[in-house]
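Subject: Structure handed over, with notes

Dear colleague,

I am passing on the structure that you will find just below, and I would ask you to keep it open while you read the notes that follow.

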Amino acid sequence: MNFINIILIDDSAFDLFIYEKLLIKSGITRTVKTFNSAREALKFLISEESALPQTVILLDLQMPDMNGFDFIDAYAKVPEGLKNKIQIFMLSSTIDSRDIEKARSSPYIIDLLPKPLEIEVLKNRLA
Amino acid sequence: MSNKPIRILYIDDEEHNLHSFKATFRKQWDITTTISVVEALEILASKDFNIILADQRMPIMTGVQFFEKIRDQYPNIIRILITGHTDIGAAIDAINKGEVFRFIDKPWDYVYVENAITHAYDIYKTREDLKQRNIELQKANEELDKFVYSASHDLRAPLMSVLGIVNLALLEDDLQSQNEYLELIRKSVKKLDTFIINIIDYYKNARGVPVISNINFEELITEVQATIQYLPEFGRLKITSDIQQEGVFKSDVMKLRIIFNNLINNAVKFQDPSKENPFIHLKVEASSEHAKIIIEDNGMGIREIDQDKIFKMFYRAGATNSGSGIGLYIVHEAISKLGGGINISSVYGTGSIFELNLPSINK
């Protein structure tokens, strides 16, 4: 498998630390970029645009300021060329059926993965 | 509730009935009269009434037909029909179509009329109260819903972090890293514990019976300070206090402790690491009537857009280092339960000043 470029968006410093280590350890990727603010992550994506390689985003749901669904709403407006290089998975501990339904029905979220992240599950979804 | 008089609209084509009704009751009730149903409709559109009285036999339409017409548009107004003859057909229609509350026979007995109207108004008020309760209940349910949603996140998230760390630790052979992971687990568990304590505080604050006692601010502040100065994030912080208390100030010590604990903890947590001498300064001026409490820090400060939102439940202002968003909500609830108020003045990057004003609870 080729190495993939991964971006983590999560307000929890713990979770950023854990998942960055886990992803690198698993050999799935060599480069993980982390953001503790969805707003900052969005700015980064827009500023990179053409320079951005194929990327997988793991997006937390409950965050202050801009939450995961707010991020998706803003993401809907980015250029198609940029969207074509990005795959978004939501990564959340939510067990709320409305959240699950909302994530499932979003055209931009491939899947909602439960926390803690199981690397095998992610690998299968990317294969 | 206000002591506004009962508002009554009375429609009768016989004008002398209107006059005698008005002459008898105008001192106790707010009475509007008209001889025409057409005019009655216009009056209804421009003024709120509690009760409508209508004569059954009128030109254009009968009292029952009039009630039937207005029933859907003004469902809250209680309807009373006045009849000159005991007409069973009209009575049946009145109940089935006009849904009237009471009949009044002509010529009327003033005591009977007064009773009928008093009862009608009781019904009106009961219905209004019920409606108000329903609105409040609905609001409480929505808040509960939001509470459960956010609380379940704040309870599960640290646990899932711990599980994540455990999964990671299982992949690791190096003992040094294992210790690092244990430290992370400790922090995550601590965070969960803080949240649980907050929830219990919230519950005690919302449901607990207040215990009013004499407050010694000096003691209270020393006690709160003792619990926080060993926190790892305490750092180089300096806490100074200036307490001037004269006379006996009475309040609920449990709520005061929650208030001081949360505000001082926040000042500890949101220190500005770039500042040379981080401080918290507490100032209390208390008398037997009132206490003014000022908590000032030179921490990170609160952005202006966040200042009116930070007291909302689960509102989290910062992206980093922020808690669950319940602390200041509890502070706000506790202060309002004590009959006081809180003001913030904060400059982002400079620091924050919280000013509390609390009355002494002298029963």
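**Two cis peptide bonds**

Pro116(A) lies in the loop between β5 and α6 (119-126) of chain A, where helices and strands are DSSP runs (H or I over at least four residues for helices, E over at least two for strands), numbered from the N terminus. The peptide bond that leads from Lys115(A) to Pro116(A) is cis, with omega near -5 degrees. In chain B, the bond from Lys106(B) to Pro107(B) is cis as well, with omega near -5 degrees, and Pro107(B) sits in the loop between β5 (102-105) and α5 of chain B.

Before going further, please note that this is a predicted model, in which local features need pLDDT of at least 70 and side-chain atom pairs count only at pLDDT 80 or more, while totals for chains, interfaces and linings use all residues. Residues are numbered from 1 along each chain as its sequence is written, and chains are lettered from A and ligands numbered from 1 in the order in which they are written.

**Two residues with positive phi**

Most residues other than glycine have a negative phi, and most peptide bonds are trans. Glu49(A), although not a glycine, has a positive phi of about 30 degrees, and its place is the loop between α2 (38-48) and β3 (55-59) of chain A. Glu49(A) counts as exposed because it has 12 C-beta neighbours inside 10 Å; a residue is exposed if 12 or fewer other C-beta atoms lie within 10 Å of its own, buried if 20 or more do, and partly exposed in between, with C-beta atoms placed from the backbone. Ile60(B), which is not a glycine either, has a positive phi of about 70 degrees and is found in the loop between β3 and α3 (63-70) of chain B. Ile60(B) counts as exposed because it has 10 C-beta neighbours inside 10 Å.

**The strands of chain A**

Chain A has an open sheet of five strands in the order β2-β1-β3-β4-β5, with parallel pairing, where two strands pair if DSSP finds at least two bridges between them. At the edges stand β2 and β5 (109-114) of chain A, each with a single partner strand, so one side of each is left without a neighbour in the sheet. From one strand to the next, the twist averages 20 degrees.

Strand β1 (residues 5-9) of chain A has four of its five residues buried, so it is largely enclosed by the rest of the structure. Five bridges join β1(A) in the parallel sense to strand β2 (residues 31-35) of chain A, and Ile7(A) stands opposite Lys33(A) in β2(A). Strand β4 (residues 86-92) of chain A and β5(A) also pair in the parallel sense over five bridges, with Leu91(A) opposite Leu113(A) in β5(A).

**Chain B**

Chain B contains 10 helices and 12 strands, and buried residues make up 31% of its 363 residues. In strand β3 (residues 51-55) of chain B, five of the five residues are buried, so this strand is largely enclosed by the rest of the structure. Ile51(B), Leu53(B) and Asp55(B) point one way from β3(B), whereas Ile52(B) and Ala54(B) point the other way. Strand β1 (residues 7-11) of chain B runs parallel to β3(B) and is joined to it by four bridges, while strand β4 (residues 78-83) of chain B runs parallel to β3(B) and is joined to it by five bridges. Leu53(B) stands opposite Ile80(B) in β4(B).

**Where the chains meet**

How many residues of chain A are in contact with chain B? There are 20 on the side of chain A, and they are in contact with 20 residues of chain B, two residues being in contact if their C-beta atoms, placed from the backbone, lie within 7 Å. One place where helices of the two chains meet involves Phe14(A), Asp15(A), Ile18(A), Tyr19(A), Lys21(A) and Leu22(A) in α1(A), together with Ser161(B), Gly164(B), Ile165(B) and Leu168(B) in α5(B).

With best wishes

Notes: Axes are lines fitted to C-alpha atoms, for helices over the stretch in contact, and angles run from 0 to 180 degrees between N-to-C directions.
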